[in-house]
Amino acid sequence: MRKILFLIIFLLVTVHNGNATIFLLKSPDGKLKIEVEVGQTVSYQVHVDGKEIISPSRIGLNIDGENYTAGGPRVKDHRQSSISEEIKMIVPRKYSTIRDEYNELVISFGRGYNLLFRAYDEGAAYRWQLNREGEVKVFSEEVNFSFPADHKIWFPEEISFYTHQEREYFYLNLSEITPEKFCSTGTLVELPEGYKVFISEADLFDYPGLYLEGSRESPYGLHGRFPAYPLDVKQTSDRDVEVVQHAGYIANTDGTRSFPWRVVLVSREDAALVESELIYKLSSPLALEDVSWIRPGKVAWDWWNSLNLYGVDFETGVNTRTYKYLIDFAADHKLEYIIMDEGWYELEDPLKLNDELDMNKVLSHAKNRQVGIILWVTWKVLDDRLEETLDQFAEWGVAGIKVDFMQRDDQWMVGYYHRVAREASKRRLLVDFHGSYKPTGLRRAYPNVITREGLKGLENNKWDEKANPEHDLILPFTRMVSGPMDYTPGAMQNATRDNFVVVFDEPMSQGTRCHQLAMYVVYESPLQMLADSPSNYEKEPETMEFLSEVPTVWDDTRVINAKAGDYIMVARKRGNEWYIGAMTDWESRDMELELSFLEEGSYRMIIYEDGVNAHRVAKDYRVERTVVGPQTKLNINMAPGGGWAARIIPE
């Protein structure tokens with residue numbers, strides 16, 4: 001049900017101040033206020049609970065070499081509305097339905113363009129709209145987020161626009177972010193009294209992605225930076241295609257369109273960051289008529305564990321018997337899919353199979369065992385023969401594709417994501433984007449885009465130590481706010497901080513076994529990997545009892561306790577069962593869990609907790625089975641780099 005109420009008197013106030021006009025827009029609960037000033041330039045600021053969150057920040061567009069917002073743009077008209085609707089989630093990341101409520105202001109200017117602002121209880125957003133015939137060149141977009149003081153920021157610093165956005169988050173002062181430094185989005189700013197500001201974008205299409213650099217005008221400001229339009233590229237390997245010539249503009253696009261939303265999500269408590277679906281709410285609605293075939297699930301993944309099976313009577317590798325074994329493992333443990341990663345095809349052509357692989361036998365076995373196949377492919381060879389290749393995949397009956405190594409988000413590459421999503425949906429194929437930029441809401445229009453990377457995940461432990469528990473406790477409050485993240489958890493070889501070593505072909509994780517198990521509840525990915533070797537999982541029947549049952553999509557989410565960078569405890573519901581996951585950084589922690597969110601009744605609870613020696617041997621854990629109810633309180637202890645997980649089943 002969608003309700004639109006026009007011209008509510010408390011919603012918007014217009015003030016004339018000399019040569020400027022000021023528009024005031026409030027959130028539905030009245031606690032967030034956006035002030036838009038139109039004078040010689042256009043700027044905005046944001047207050048929450050009477051506190052200045054965003055200081056006056058100038059915004060604008062340069063179209064075809066003309067600055068549309070300089071020199072006193074003329075306001076032609078303005079209108080406002082209040083929206084309330086319920087959105088049913090096709091692939092429910094956090095909730096089965098979400099409430100979308102906001103107040104909106106549309107300012108129309110005299111040269112055929114509009115400026116939209118939305119005020120939510122949880123944040124603010126704005127976007128430009130253009131109404132011109134033909135194509136236009138966007139030479140620049142001025143984006144600023146100015147802050148009133150030298151706050152702290154989690155800064156995912158980049159060194160180039162040629163990036164898959166797998167970054168470390170540096171904890172810096174805003175004053176340390178010079179114009180020479182820049183980062184990908186989203187990023188998180190920490191304000192006094194527990195307030196946090198998450199900055200990102202939504203509904204990105206036919207336009208380059210947003211990056212942030214230090215401001216030259218504001219000592220505590222962030223200024224937008226965009227990759228220029230690519231004119232020429234050079235392919236240096238099967239997966240690396242770099243831009244060697246750029247245009248003097250950032251986009252060549254349709255003159256009648258909406259530009260991406262610039263998003264300021266404001267939380268009073270860190271838990272609100274994890275509970276938010278604001279990026280999804282701001283994105284384009286469903287573009288598909290039939291979504292019945294889209295099936296979330298868990299995946300046995302081959303690449304992280306280097307296909308290291310043991311105790312079998314055949315030589316493992318990219319061959320028919322190995323993949324039939326993986327299919328059997330998936331079927332036996334209720335996993336919906338397996339991924340066939342690098343090596344199944346000759347890298348220059350995805351329709352030329354590895355000589356050791358009989359695809360017909362693999363696909364036939366998968367069909368008999370009711371396990372879906374997802375095929376990894378580099379983006380460039382897919383793009384070279386996109387429709388032909390996807391047609392073949394559909395004829396084979398595979399369930400989806402994992403597209404890798406795009407490593408750009410200029411306008412052309414953003415368009416590629418949309419093209420792949422659209423063409424894959426026509427053939428009922430899921431899409432997992434790796435080597436990708438962060439989510440910006442494409443999954444709402446194309447829910448077959450089931451997950452994506454764009455973060456430093458478990459695979460990094462194959463070559464460095466940066467995907468560690470400190471990093472793991474930043475991700476839920478930064479990257480995951482934007483959308484599902486394919487961290488690829490599930491390591492059975494677990495190491496303490498002192499015992500971790502890099503071993504590419506037999507990798508391990510940092511932190512405890514229960515740290516890994518908790519990720520399946522804390523980390524959101526409707527297509528969730530089991531990264532380790534089936535041989536290692538088969539040795540861990542208690543662990544597999546949990547991994548076989550844990551869902552990948554959720555009807556409800558409750559963040560019980562959370563602090564960005566330090567710890568998190570999340571309860572999630574699917575059907576009539578609840579799951580709980582808790583994680584800590586390299587500091588051991590005691591936490592209390594109250595089960596008051598349960599309905600009245602009696603429940604069986606299966607608990608996975610760090611063992612007494614997990615601080616010495618990270619794979620040490622214990623399983624406890626008990627009976628609980630809504631009055632139950634539990635004390636939880638997590639070792640350094642530890643975790644805690646539980647399944648709650650009605651009796």
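The dialogue below sets assigned labels against their definitions.

Modeller: This is a predicted model, in which local features need pLDDT of at least 70 and side-chain atom pairs count only at pLDDT 80 or more, while totals for chains, interfaces and linings use all residues. Residues are numbered from 1 along each chain as its sequence is written, and side-chain values use heavy atoms, with hydrogens and water left out.

Colleague: Why is Leu172 called buried?

Modeller: Buried means under 20% relative accessible area, exposed means over 50%, and partly exposed lies in between (1.4 Å probe, protein chains only). Leu172 has 13% relative accessibility, so the residue counts as buried. Leu172 belongs to strand E15 (residues 170–173), where strands (E, at least two residues) and helices (H or I, at least four) are DSSP runs numbered from the N terminus.

Colleague: Which residues does Leu172 contact, leaving aside its neighbours within four places in sequence?

Modeller: With contact defined as heavy atoms within 4.5 Å, they are His151, Lys152, Ile153, Phe155 and Ile177.

Colleague: What makes Trp463 partly exposed?

Modeller: Its relative accessibility is 39%, and therefore Trp463 is placed in that class. Trp463 sits in the loop between strand E32 (449–452) and helix H9 (469–472). Together with Val502 and Phe504, Trp463 forms a nonpolar surface patch of about 280 Å² accessible area. Patch members have over 30% relative accessible area and no salt bridge; like charges are joined within 9 Å, and nonpolar side chains (Val, Leu, Ile, Met, Phe, Trp, Tyr) within 5 Å. The areas come from the Shrake-Rupley method with a 1.4 Å probe, and for residues only the protein chains shown count as cover.

Colleague: What makes the pairing of Glu423 with Lys426 a salt bridge?

Modeller: The term requires a side-chain nitrogen of Lys or Arg within 4 Å of a carboxyl oxygen of Asp or Glu. The closest N and O atoms of Glu423 and Lys426 are 3.1 Å apart, and the pair qualifies. Both residues lie in helix H7, three residues apart, about one turn of the helix. Glu423 is buried because its relative accessible area is 7%, whereas Lys426, at 56%, counts as exposed. Glu423 also forms a salt bridge with Arg427, at 2.9 Å between the closest N and O atoms.

Colleague: How many salt bridges does the structure hold, and what does the one between Arg443 and Glu277 tie together?

Modeller: There are 52 salt bridges. The side chains of Arg443 and Glu277 meet at 2.8 Å, N to O. Arg443 lies in helix H8 (residues 442–445) and Glu277 in the loop between helix H1 (270–275) and helix H2 (278–281), so the pair ties together parts 166 residues apart in sequence. Both Arg443 and Glu277 are buried.

Colleague: How many disulfides does a search of the whole structure find?

Modeller: The search finds zero disulfides, the criterion being a pair of cysteine sulfur atoms within 2.5 Å. Cys183 is at 0% relative accessibility and therefore counts as buried. Cys514 is likewise buried, with a relative accessible area of 0%.
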